Amino acid sequence: MTLDAAIGRDMSAFVRRREDGRDRLDLLVTGARCAGCISKIEGEVSALPGVLSARLNLSTGRLAIEVSAGAIDPGRVIGTLASLGYPATPYDPGAALQQRDREGRKLILALAVAGFGAMNAMMFSVPLWAGLFDQELGPATRTMMMWMSAAVGAPCAIFAGMTFFESAWRSLRAGRANMDVPISVGVILTLAISFSETILNGRDAYFDAAVSLLFLLLIGRWLDHRLKASARSAAGDLLALQAPTVCLVDGAGRERSIPLGDVASGDRIRVRPGDRIPVDAILEDGEALLDNSLLTGESAPERVARGQLCRAGAVNLAGLLTLRAEAGSEDSTLAEIARLIDAGAQSRSRYVRLADRAAALYVPVVHAAALLTFAGGWALGLDPREALIRAVAVLIVTCPCALGLAVPAVQIVASARLFRRGVLVKSGAALERLAEVDHVVFDKTGVVTEGRPVLIETPRCVVAMAAPLARASNHPMARAVARVAGDGPVATDVIEHVGLGVEGLIDGRRARLGRSAFVGVPTLSGSETELWFGFEDGPKVRLRFSDTPRPDAAQTVAALLARGLTVEILSGDQAGVVEAVAHSVGIKAWRSGLLPEDKAEAVDRLAAAGRKVLMVGDGLNDAAALARAHAAIAPGSAIEASQNAADLVLTQDRLMAVVEALDVARSSRRRALENFGFAALYNLVAAPAAMIGLVNPFVAALAMSGSSLVVTLNALRLRAAR
């Protein structure tokens, strides 16, 4: 698409208006292959007037752009991308899948042709080096072998190299140079030198080198394609749980099926028993008993009353439900979790930014080194042919493919592995920070303990009085009261006070449910194993609960201590309860009676003392502490975690996932540093060797492609590591 055509085309229908007044435009971008491409695309698009943010997901090719309402023409954005050498179209999931399939088939075909060409070109070139039947070849035989190698190798190299040639040409047309430019220049010069040697009856030709270089490069690019597909499948597996069609109810009560993507806010839909809720929706009619285990990790079904929200992804366990859609499929809870996975797989961490800066220097530095090698060699007495061969070898051997893959490959494999183990990674930087932690802070209720308190020793009349407020709260103990009380009225004018309790009106009287001091019993210390209830002008009563440690809590603490970390509990509960739980799971350090701000201050003091703190909290009372910790994990509910400062989210009811995340993060850091070290050492050795003539184009091709394979295979070790 030309720039003029893109600007002139009306694509306002592809712009979506958000609730905050901003517009969102999603584009499918092709041709982006490395961190440098991401930086270039996001930088240029973000610089356009009216663009608030631009984020490219390298795995899916999806460029998400936020703009001020009506401030930009989508065609101009597409035109800008086209001028950079990256064709773009409005994002369509089906088209994106087809594009990825086409790219995969194209890579496989190019790889097959390059492999065929490499093997058969070598069949004719090996006798040139080793002689035929231990005899030196005569001039006529050598020339014939060279022409046979050219007949096989050159066409295969041209066909297999189109992936790189097209990318390089688009980049050069835009007045820029990407990493495919020196690769293309190296291949073309290698073929040109080889034809020259063949025509002039020279001694050596490198047709096998050109096609072997492309064969090994394509292996690396195909592996990168498979790695991205692995990362995409994590989000794709989740979104695949959504039904492709939805039962829509019109104004006359008639039902008809429509595609999931056509559901709009306000539509009335029906969900049958056993089906998943397709979009976030308000229950209008029916008895809702929902399995939210996919979203919250809680196995117990949840009863939802009329007027309450049913989230996408929950399974309807009861009868026929009629709901009113609150959002489309792209804005549902399930889609938000999938976006967390996408963001985690492709976010740029400190190591990625370092690789970006190194890759940005590559093209000018390598071209300058190749030019210096040619000019210096010629000036020092080499003939132009030999000087040019050395320059080509420099271009080939120093390709930074290994550097570009060093960190993204590790992040993709690590994020996909953790997702399958029940951990959502919201950023690659989070893995880096997690690998650095030396002190772990746990909240008690809902983290070290089950978080499903059981109401004990409480009269039914007290439960009935407190139930209207309990039904309006999401606190674990309030939900325990609501479960015992069953269905019934809900308090009005409800206000939740984080860390203290909930208040509202019951039959016109103001009541409170929460800590003793919050309810108005200041003489007693508050406890996280009790709640107090009372009307503003009435007596106060106590509700008591029991909560047991998680089955794997002691194992988790022991594993953390074995890895050299220190562990403590920060809790708002009374000292006796916290001490008992801490002792039962093997934690020696604990603090009790803390409000949310006290926990945040405790984390700040630890950070000031030089500790790298990992905070594991439930995302409500611990929000401030999560935000201030070096790394943060929220267990249990991915819904809450998407609204707070947690870096990682546990989607399964296992505390040992914290240890697994820590192990993968540390292993990821080692793999990334190993890749960086290998890439640096490789270039320090290979570049000078090529400049002084120790490496010819064929050996350079093998060395450079081998470096990319080493980096990729090193990243794949994360998948198999225990």
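This is a predicted model: local features need pLDDT of at least 70, side-chain atom pairs count only at pLDDT 80 or more; totals for chains, interfaces and linings use all residues.
A residue is termed buried when its relative accessible area is under 20%, exposed when this area is over 50%, and partly exposed in between (1.4 Å probe, protein chains only). Residues are numbered from 1 along each chain as its sequence is written, and side-chain values use heavy atoms, with hydrogens and water left out.

Five aromatic pairs are found in a search of the whole structure; rings of Phe, Tyr and Trp (its six-membered ring) pair if their centres lie within 6.5 Å, and planes under 30 degrees apart count as stacked, over 60 as edge-to-face and the rest as tilted. The pair of Phe195 and Phe207 is edge-to-face, because the ring centres are 5.0 Å apart and the planes stand at 75°. Since Phe195 belongs to helix α7 (residues 180-199) and Phe207 to helix α8 (residues 207-239), this pair ties together parts twelve residues apart in sequence. Helices are DSSP runs (H or I, at least four residues), numbered from the N terminus. Phe207 is buried, at 0% relative accessibility, whereas Phe195 is partly exposed, at 30%.

The rings of Phe678 and Tyr682 are stacked, with centres 6.4 Å apart and planes at 20°. Both residues lie in helix α25 (residues 656-691), four residues apart, about one turn of the helix. Tyr682 is buried, at 11% relative accessibility, and Phe678 is partly exposed, at 30%.

Notes: Helices (H or I, at least four residues) and strands (E, at least two) are DSSP runs, numbered from the N terminus.
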